[in-house]
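Look over the structure before reading on.

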Amino acid sequence: MTFGADLEAILDSITAPIIVKDERFRFRFLNEAACALVGRGPSDLIGCTDYDIRPTAEADRIREIDRRVLFAGEEISVEEEIAVSGGVLKTLLTRTCRASLTRGNTSEKVIVATILDVTERRKAESELHASEEHYRSLVELHPQVPWTADPSGQVLEIGPRWKETGYAPQEALGTGWEQATHPDDLDPVQQAWAKSLETGAPLDIEFRLAAAAGGYSWYRGRAAARRAEDGTILRWYGTVENVDEALAGGCIRIGAKCRPPSSFLLPRKPA
């Protein structure tokens with residue numbers, strides 16, 4: 001089986017390995033990338049089968065896939081780690097399908113396998129997953145509650161410790177955080193937040209949030225904007241931090257007023 005010099009030249013220019021086998025599972029064509037992956041030249045491979053170049057167990061597995069493709073017309077994708085030429089371990093995604101070649105009045109079925117090297121992609125995904133787990137652990141253990149909001153001030157996400165207010169983090173999204181804010185503090189907090197949204201100035205304010213056990217606790221809320229090169233606000237990043245202990249016996253600032261925190265530890269009002 002030959003494809004003609006022009007077609008073979010085109011297939012050789014493709015960087016992904018391409019392997020073609022006939023109905024007897026013999027190699028009939030391998031482009032240059034496939035030969036490099038196997039570590040042998042075309043003259044060493046054409047007419048051979050997987051049993052001639054691979055361990056029996058691996059050749060058995062490939063033969064089973066080829067049978068399903070050839071006789072049932074299945075298209076099969078398999079991702080696996082394989083030691084390629086030089087003993088290097090790579091993660092390869094092999095897609096195998098059936099094709100029909102017609103010459104005059106004769107038609108022949110062939111098995112076509114294309115191989116993608118996804119080693120770097122999977123490595124990057126693994127590193128990203130590890131980074132996300134690391135970040136998640138930091139967020140869960142950190143005493144502050146991080147949050148983000150869009151340019152209009154709608155909260156997009158908030159840390160899991162928000163549950164210490166007695167409300168689920170999902171309930172804080174949008175403007176849902178307001179339901180956990182002490183009624184007497186809600187108006188000044190809204191005004192301060194609105195001013196930051198209007199001017200782009202950082203937010204720094206103390207206020208009370210509900211406590212899951214009842215009553216309210218003092219928190220310090222801070223936020224700053226991330227801007228595009230033209231100065232447009234892209235997103236707000238902030239934290240809220242329980243400052244009850246830090247301010248015990250001290251003074252709390254609400255706007256321009258300063259009041260002892262003990263005077264505001266009120267029972268939590270029912271919803």
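## Cavity

A cavity is a set of points on a 1 Å grid over the protein atoms alone, where a 1.4 Å probe fits but cannot get out. Points are joined across faces, edges and corners, and a volume is the space filled by probe spheres set on them. This is a predicted model: local features need pLDDT of at least 70, side-chain atom pairs count only at pLDDT 80 or more, and totals for chains, interfaces and linings use all residues. Residues are numbered from 1 along each chain as its sequence is written, and side-chain values use heavy atoms, leaving out hydrogens and water.

The count is 1 cavity of 30 Å³ or more. The largest cavity holds about 190 Å³.

## Lining

The largest cavity has 17 lining residues (an atom within 4 Å of a point). Trp147, Trp177, Leu203, Phe207 and Val240 lie nearest its centre. Strand 8 gives the most to this lining, 4 residues. Strands are DSSP runs of E, at least two residues; helices are runs of H or I, at least four; both are numbered from the N terminus.

An open sheet holds 5 strands in the order 7-6-10-9-8, with antiparallel pairing. Two strands pair if DSSP finds at least two bridges between them. Strand 7 (155-158) and strand 8 (203-210) are the edges, each pairing on one side only.

Strand 6 (residues 145-149) pairs with strand 7 over 3 bridges. Alanine 149 has valine 155 in strand 7 as its bridge partner. Helix 7 (residues 183-199) packs on the sheet, touching strand 6, strand 8, strand 9 (216-227) and strand 10 (233-242). Contact means heavy atoms within 4.5 Å.

Methods
Axes are lines fitted to C-alpha atoms, for helices over the stretch in contact, and angles run from 0 to 180 degrees between N-to-C directions. On a 1 Å grid over the protein atoms alone, a cavity is a set of points where a 1.4 Å probe fits but cannot get out, and a pocket is an open set with protein on both sides within 12 Å along at least five of seven lines; lining residues have an atom within 4 Å of a point.
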